[in-house]
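Dear colleague,

I am passing on the structure below, together with some notes on what came out of going through it. Please read the notes with the model open beside you.

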Amino acid sequence: DDQIERERASQRLSGGCCALAAIYLMGKFYVANAGDSRAIIIRNGEIIPMSREFTPETERQRLQFLAFLRPELLGKEFTHLEFPRRIQPKELGKKMLYRDQNMNGWAYKKIEEDDLKFPLIYGEGKKARVMATIGVTRGLGDHDLKVFSSNIHIKPFLSCFPEVRVYDLTQYEHCPDDVLVLGTDGLWDVTDDKEVAGVVMEVLTSYEPNDPCRYTMVAQELVVRSRGVLKERGWRLANDKLGSGDDISVFVIPLGGPGNYT
């Protein structure tokens, strides 16, 4: 992340990205995630999560705590407090539910002038945004990203530090159908863990256990199914719901070899 910042002027590059990495060392997989990509292990039909998404909703308290400690980052335009909806001027002096960086639940407070500012985190689910600008809270780059028509930088709230999970391959006997699946949010926006596991099993069983292309074909099938088919009303999935409109990258990594297939 520091290197991207140093090189952005000389390379004339802007923007940023999420990062999901899997490293194999001495019998263990280390999976590091910074962003909203996801990794799962499918072992004997069981789904084992190897990451979690970092979004304005999942990291609400971290973001609010930083804004509480450094209110100058909000540029006098935002409030670190969260309310169920936008506050209207006519509601000054009334009581409304809110929560701050120390709260999991909600409490009531009397609405003051500062509460009329735009909330640091606004929206729900995939529509949640930090300062109405970005929907992820960890990743690399985005050093020049600002709130629209302002001089307020988003970067202080975006962390480049990943969460790392470890999986010990030596603790289990793996067959060729056991895999690690890495995918960007374009996959997971329209396909859940169970559906991905179903596609993995469906495609793998159509190939011989010692055929190395079987894993590439799983990845390809996951991408194709998530994108959908182009119809008159746009890209559609098999159930006629909208296909993924985001980029889709998928890796399928085998955890076992033909030698220990049973």
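T137 has its place in the loop between β11 (129-130) and β12, where helices (H or I, at least four residues) and strands (E, at least two) are DSSP runs, numbered from the N terminus. This is a predicted model, in which local features need pLDDT of at least 70 and side-chain atom pairs count only at pLDDT 80 or more, while totals for chains, interfaces and linings use all residues. Residues are numbered from 1 along each chain as its sequence is written, and side-chain values use heavy atoms, with hydrogens and water left out.

With a relative accessible area of 0%, T137 is buried; that word stands for under 20% relative accessible area, with exposed for over 50% and partly exposed for what falls in between (1.4 Å probe, protein chains only). Leaving aside its neighbours within four places in sequence, T137 is in contact (heavy atoms within 4.5 Å) with F54, T55, P56, E59, R62, L63, V130, F157, L158 and S159. T137 and D36 are 101 residues apart in sequence, and their C-alpha atoms are 8.4 Å apart in space.

**The four-stranded sheet**

Four strands form an open sheet in the order β5-β4-β14-β17, with antiparallel pairing; two strands are said to pair if DSSP finds at least two bridges between them. β5 and β17 stand at the edges with a single partner strand each, so one side of each is left without a neighbour in the sheet. Neighbouring strands of this sheet are turned by 20° against each other on average, direction ignored, where axes are lines fitted to C-alpha atoms (for helices over the stretch in contact) and angles run from 0 to 180 degrees between N-to-C directions.

Helix α4 (residues 193-204) packs on this sheet and touches β4, β5 and β14, its direction making about 50° with that of β4. Helix α5 (residues 213-227), for its part, lies across β14 and β17 and runs at about 150° to β17.

Which strands does β14 pair with, and over how many bridges? Strand β4 (residues 38-43) is joined to β14 by five bridges and the two run antiparallel, with V181 of β14 as the bridge partner of I40 and L180 of β14 as that of I41. β14 also pairs with strand β17 (residues 250-254), again in the antiparallel sense and over five bridges, and here L180 stands opposite I253.

Five of the five residues of β14 (residues 179-183) are buried, so this strand is largely enclosed by the rest of the structure. In a regular strand the side chains alternate between the two faces of the sheet.

**The three-stranded sheet**

Another open sheet has three strands in the order β2-β3-β13, and the pairing is antiparallel. β2 and β13 (163-168) stand at its edges, each with a single partner strand, so one side of each is left without a neighbour in the sheet. Neighbouring strands of this sheet are turned by 15° against each other on average, direction ignored. Strand β3 (residues 28-34) pairs with β13 over six bridges, and F29 stands opposite Y167 in β13.

**The chain as a whole**

The chain has five helices and 17 strands, and its C-alpha trace spans about 70 × 45 × 40 Å along its principal axes. Of the 262 residues in the chain, 42% are buried. Among contacts between residues at least 6 apart in sequence, 59% join residues at least 24 apart.

With best wishes
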